[in-house]
Amino acid sequence: MSIMGTRVVRVEDPLLLTTGATYTEDLRSEQLVGALHLTFVRSPLAHARILSVDTEEALAAPGVVAVLTAADFGRPELPPMMPMFNQAMTTPLLATDVVRFVGEPVAVVLTEQAYQGQDAAELVVVDYDTLAPAVDMRDAARDEVLLFPAAGTNTIMTFGSESFDETLFDGCEVVVTQEIHNQRLAAAPMEGRAAAAAPGADGRLTLWLSTQAAAAARGAIAGWLGLDPATIRVITPDVGGGFGAKIGADPDHAVVAAAALAVGRPVRWAETRSENMVAMTHGRAQVNTVTIGGSRDGTVQAYRLDVLQDCGAYPRLGAVLPGLTLLMGPAVYAFPKVEGRARSVVTNTTPISAYRGAGRPEATHAVERALDLFAAEIGMDPAQVRKRNLVPAFSAPHTTATGAVYDTGDYPEALDRALEAAGYDALRAEQAQRRERGDAKQLGIGISVYVEITGSAVGPGNPHEVADIEVHPDGSATVLTGTSPHGQGHATAWAMLASEETGIPIEKIHVKHGDTDAVPDGIGTFGSRSLQQGGAAVRQATQELVELARARAAELLEANVDDIVVDKGRAAVHVAGSPDAALTFAQLAETERLSVRSVFEAPGPTFPFGAHVAVVEVDQQTGKARLQRLIAVDDAGTILNPLLAEGQRHGGYAQGAAQALMEEFTYDAEGNPETSTLATYPFLSATEVPSFELVGMATATPYNTLGAKGVGEAGTIGATPAVHNAVVDAVSHLGVRHLDMPTTPQRVFRAIQQAQKGI
Amino acid sequence: MQVTTTVNGAQRSDEVEDRLLLVHYLREVCDLRATNVGCDTTSCGACTVLLDGESVKSCTVLAVQADGREVSTVEGLAGADGTMHPVQAAFRQEHGLQCGFCTPGMVMASVSLLKDNPSPTEQQVREGLEGNFCRCTGYHNIVKAVLAAAGSGAKA
C-alpha cells in the first residue's frame with residue numbers, strides 16, 4: 001500500500017516531547033564552550049541624533065569583556081537589499097549618527113554570563129538629541145519629516161502608474177470607495193531570534209542561526225561583513241517558529257558574527273521577548289484604498305487598489321510586498337477592468353518584512369472587504385455577489401488582468417462547498433431571527449474566497465530546490481534538503497517520499513537540513529514552497545537513485561536494465577520474475593556509494609485557493625465579537641500527509657482570526673511602542689478560537705509530479721477577511737458599513753454608537 | 001544561596017545566585033534544556049513545570065523558592081523504559097505540536113490540568129490552557145490531544 005496521502009505521525013515528535021528540541025540557545029557544541037553572552041543596547045527613542053556613547057562604566061562592570069559600538073566595526077552601512085530601492089536608504093550595522101526606531105541596536109555588551117549582560121547594558125550611557133518622528137505611514141508619505149535626508153523622500157519605491165484612469169468607473173451604476181487598514185502585526189514566533197558564532201582555528205566562522213534559509217543568511221552576512229561566504233558555515237539548529245520573520249538573516253545576526261570575530265571568542269545571543277517585539281521585523285502594515293464599481297445586478301465592472309506600505313525604519317522585504325498585493329489584487333474575480341498602484345515608505349518604526357502570507361493576505365483582505373461593501377450598497381447577499389463575479393473553473397493556465405498566470409482552479413466549487421458545509425441558508429435565517437428579536441448577541445456571517453501565489457522564484461530563473469539522497473550499506477538512508485523546516489514536519493514528509501520510491505521504512509530515513517557545508521545552495525522554507533519544490537526535489541532525487549540502482553543491478557545481474565524491477569517490500573531490485581536473486585539498495589551501496597544529488601525546477605509558482613465562512617457572535621452591549629465557527633475549504637492540490645496539511649491550515653486560521661479580532665502592534669505619536677511585551681500585545685490564546693471545520697478539496701497542479709501546491713499560508717489569507725467580514729456583518733443592520741481590524745470590543749462598540757447617531 | 005531540590009525524582013544541592021530564576025536553574029545548572037523561555041512577562045507558559053505537583057511558570061519563580069521542593073519537567077515525564085506519558089503520546093498522535101517550542105510547557109500544563117480535572121470538556125481544556133501560548137497549531141490539535149489523553153475524545 002502506498003504511504004502517499006496517509007496520516008503518518010511525525011518522526012520528529014518523540015524527541016521534541018521527551019527531551020525537547022535543540023534550539024540555538026540549547027546548543028552544547030564544544031565550539032561554544034566558554035562562549036560570551038551578547039546583549040544589545042537598543043535605542044529607547046524613535047528618532048534621535050546620537051551625541052555620544054559612553055561605555056566606560058559598563059566596561060568596568062563585573063564579567064564584561066567588551067562593549068562594542070559602530071566605531072569598533074568601522075561604522076559599516078549595509079547597502080539597500082534590492083536595486084529598485086532608494087539607494088540612499090542604507091542600514092547601519094549598529095547605529096552611527098541617528099537612530100530611527102525604538103529597538104535599533106546602538107551597542108553590544110559581551111559578558112561571561114548572561115545576567116551580567118543585562119546589568120552592564122544598563123550602564124552604557126547614550127546621549128540623544130531627539131528628532132521629530134514620522135510614525136504614521138500617511139504622514140511619512142508627505143515627506144515633511146525625512147528619515148534619510150540624503151534620499152530627499154521617505155518613498156523607497158513605487159509600483160504602477162502615478163495617476164489613475166479617470167474613466168475606469170464610467171458606466172457603473174454603483175461605485176463604493178473605502179480606506180481599509182491592514183494593521184501592523186508582530187510575527188512573534190515562540191522562539192525569538194538567536195545566534196551563536198564560533199571563530200575556528202582554520203579561519204572559518206561557524207554560525208548557528210535560528211533561520212528559515214541558511215544559505216541566504218550566509219550570503220547576506222558575508223556581504224554585510226565583507227567576508228568570503230566560503231569562510232562561513234551556517235548551521236540551523238531546531239527552529240521554534242518563523243512565520244517569515246526568520247527568512248535569511250537580520251543585521252543583528254551579523255553583529256553577533258562580527259563580535260565573535262572582533263574578540264576571537266565564541267559568542268551567543270538569544271533575544272528576550274521584549275527585545276523580539278521591537279527588533280524582529282513586523283508584518284502587514286498597509287493602508288489600502290479600494291474603489292469598486294458595477295451594476296445593481298451584482299456584476300462588478302471595475303476595481304482599483306491603491307496601496308500604501310509602511311516599511312518601518314529600514315527597507316526590508318516589506319518594501320516589495322505591495323508588488324504581490326497588486327499582482328493578486330483581483331484575486332478570484334473576473335473583473336473586466338483593474339488598476340492598482342503602490343508606494344512603500346519608511347517610518348520611525350520597526351522594519352517590516354514577511355509575515356505568514358506576506359502581501360497576499362492584504363490583497364485578499366482588500367478585495368473581500370470591497371465585495372462586501374459593494375454587496376451592502378446594492379443590497380445583495382454577499383455570497384451571490386461573489387458567485388456572479390468568480391472566474392469560472394479552469395484547467396488550462398488562466399492569465400489575470402494583472403498578469404498573474406493561475407495554474408488550476410475551481411473557485412465556484414470551493415465557495416459552494418464552504419457554503420454547504422456551513423449551512424449558509426440556515427445561518428442567514430438564524431441571523432434574521434436574532435435581528436427581528438433584537439437579541440443582545442447578534443450573528444455575523446463572513447465569507448472570503450481566495451487564491452494565492454505560492455512557491456515564487458527567488459531571484460532570476462524558475463523556482464527550484466535541491467535534494468540529495470544516499471542509501472547506506474546498513475540499509476538506512478540520508479536525505480539532504482534545501483528546505484528549512486521549523487515545525488512543518490519535513491523530516492516525516494520527505495522520509496515518506498523517499499520511502500515511497502524505495503521501500504526503505506521511514507524510521508530508517510534521516511532528513512538533514514540547514515547546514516551550508518552540506519547543502520550550500522538550498523533555498524529554504526518560506527512562501528509556502530517546501531513540498532511543491534523541496535518535496536518534489538526529494539522525490540526526483542529518489543527516483544534517480546532508483547534508476548541508478550537498477551542500472552548497477554543490471555550490470556551485476558547481467559540483465560537488461562529494462563527488466564530490473566523494484567521490490568519495495570524488501571527495499572531491493574531484481575530481474576522481473578527472478579525475485580530470489582535480488583539486490584537490496586543497501587547491498588548496492590556496499591561496493592560503491594549509492595547517492596544522487598538533484599535539482600528540481602518548477603515551471604512557475606502555483607496558485608492554491610479556497611473559500612472560508614466565519615460565524616461570529618457580537619454582543620451589542622459590550623462590542624465583544626466571538627468566533628463561533630470557521631468553515632474552510634483550502635485546495636492546496638494533492639495532499640501528501642493530511643495530518644501535516646491540516647496542522648498548517650489550523651495555525652493559519654488562528655493567525656488570521658487573531659488579526660481580524662485582536663492583534664495589532666501600535667505606537668504612540670512619538671513612536672514609542674505600546675505593545676512590546678506579551679502582556680500588552682494581544683496574543684491569541686486557546687479560549688479565543690473554536691475547533692475549526694475543515695472541508696476537503698484537492699485540485700492537482702501539473703507543475704510538479706506530486707500535484708502539490710503550497711498550504712502554509714492559506715489559512716491566514718482566507719480566514720482574516722472571513723472573520724473580519726463576519727464581525728461587520730453582525731452589526732451591519734445597525735448601520736455599520738465598515739470598521740477596521742482588529743475588531744476589538746471598543747472599536748465595535750464605538751462603530752455601533754456612531755452608526756446609530758448617524759455619524 | 002544553597003538550594004536543595006528534587007528534580008525529576010533526583011535530589012540535588014547547588015549554590016546559586018539569589019536572583020537566579022528557576023527556569024535558568026533548570027536549564028543551566030541542571031542541564032535540563034527542554035523547558036523554554038518564551039517571554040519575560042509570565043504570559044506565554046513555555047516555561048511551565050510542576051512544583052510539588054502544581055504547574056508554575058518557572059520564569060517567575062526563583063530557584064531558591066524551590067528549596068526543599070520537588071520540580072518536575074517534561075524530561076521526567078516518560079517512563080523509565082522510555083514509554084511516553086499518555087499526554088506526550090496523545091500530542092504525537094494528534095499532531096499537537098509543530099515547532100515544539102511551547103510543547104514542554106504545554107505538556108506539563110496539560111498534565112496538571114488533567115490531574116485537576118480528569119474528564120474535561122473542550123471548553124475546560126481551552127480555559128485550562130489559556131496561559132500557554134502556541135503560535136503554530138491554532139490550538140486545534142492541542143485541545144484534541146488533551147481530550148484524547150483524558151480518554152474523552154469522543155465527547156469533543
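**A guided reading of the two-chain model**

B:H95 is found in the loop between α2 and α3 of chain B; helices here (H or I, at least four residues) and strands (E, at least two) are DSSP runs, numbered from the N terminus. The model is a predicted one, in which local features need pLDDT of at least 70, side-chain atom pairs count only at pLDDT 80 or more, and totals for chains, interfaces and linings use all residues. Residues are numbered from 1 along each chain as its sequence is written, while chains are lettered from A and ligands numbered from 1 in the order in which they are written.

The phi of B:H95 is near 55°, a positive value in a residue other than glycine. Most residues other than glycine have a negative phi, and most peptide bonds are trans. B:H95 is also buried, with 25 other C-beta atoms within 10 Å. A residue is called buried if 20 or more other C-beta atoms lie within 10 Å of its own, exposed if 12 or fewer, and partly exposed in between, the C-beta atoms being placed from the backbone. With 30 C-beta neighbours inside 10 Å, B:Y139 counts as buried.

The helix that B:H95 follows is α2(B). In this helix, residues 86–93 of chain B, the buried positions are B:V87, B:Q88, B:A90 and B:F91. Seen down the axis of α2(B), these buried residues fall within an arc of 165°, so they line one face of the helix; the arc is that of the directions from the helix axis to the C-beta atoms. The partners of this buried set come from both chains: α1 of chain A, together with α3 (103–116) and α5 (140–149) of chain B.

The pairing of α2(B) with α3(B) can be followed residue by residue. Their axes come within 9 Å and cross at roughly 125°, where axes are lines fitted to C-alpha atoms, for helices over the stretch in contact, and angles run from 0 to 180 degrees between N-to-C directions. That makes α2(B) oblique to α3(B); angles under 35 degrees count as roughly parallel, over 145 as roughly antiparallel, 65 to 115 as roughly perpendicular and the rest as oblique. The crossing of the two helices is right-handed, a crossing being left-handed if the near helix is turned anticlockwise from the far one by less than a right angle, and right-handed if clockwise. On the α2(B) side, B:V87, B:Q88 and B:F91 meet B:T103, B:V107, B:S110, B:V111 and B:L114 of α3(B). The residues of this contact divide into five nonpolar, three polar and no charged. In this scheme Ala, Val, Leu, Ile, Met, Phe, Trp, Tyr, Cys and Pro count as nonpolar, Asp, Glu, Lys and Arg as charged, and the others, Gly among them, as polar.

Attention now turns to the two chains together. Across their interface, 41 residues of chain A are in contact with 41 residues of chain B, contact requiring that the C-beta atoms of two residues, placed from the backbone, lie within 7 Å. The elements that give two or more residues to the chain A side are α1 (13–18), α7 (273–279) and α16 (642–661) of chain A. Of these, α16(A) gives the most, with six residues. By class, this side of chain A has 19 nonpolar, 16 polar and six charged residues.

Within chain A, helix α9 (residues 360–378) and helix α10 (residues 382–389) pack at an angle of about 115°, with their axes 9 Å apart. They are therefore roughly perpendicular to each other, and α9(A) passes α10(A) in a right-handed crossing. Here A:L371, A:D372, A:F374 and A:A375 in α9(A) meet A:P382, A:V385 and A:R386 in α10(A). This contact divides into five nonpolar, no polar and two charged residues. In α10(A), the residues A:P382, A:A383, A:V385, A:R386 and A:N389 are buried. They fall within an arc of 160° seen down the axis of α10(A), so they line one face of the helix.

A cis peptide bond joins A:M741 and A:P742, with omega about -10°.
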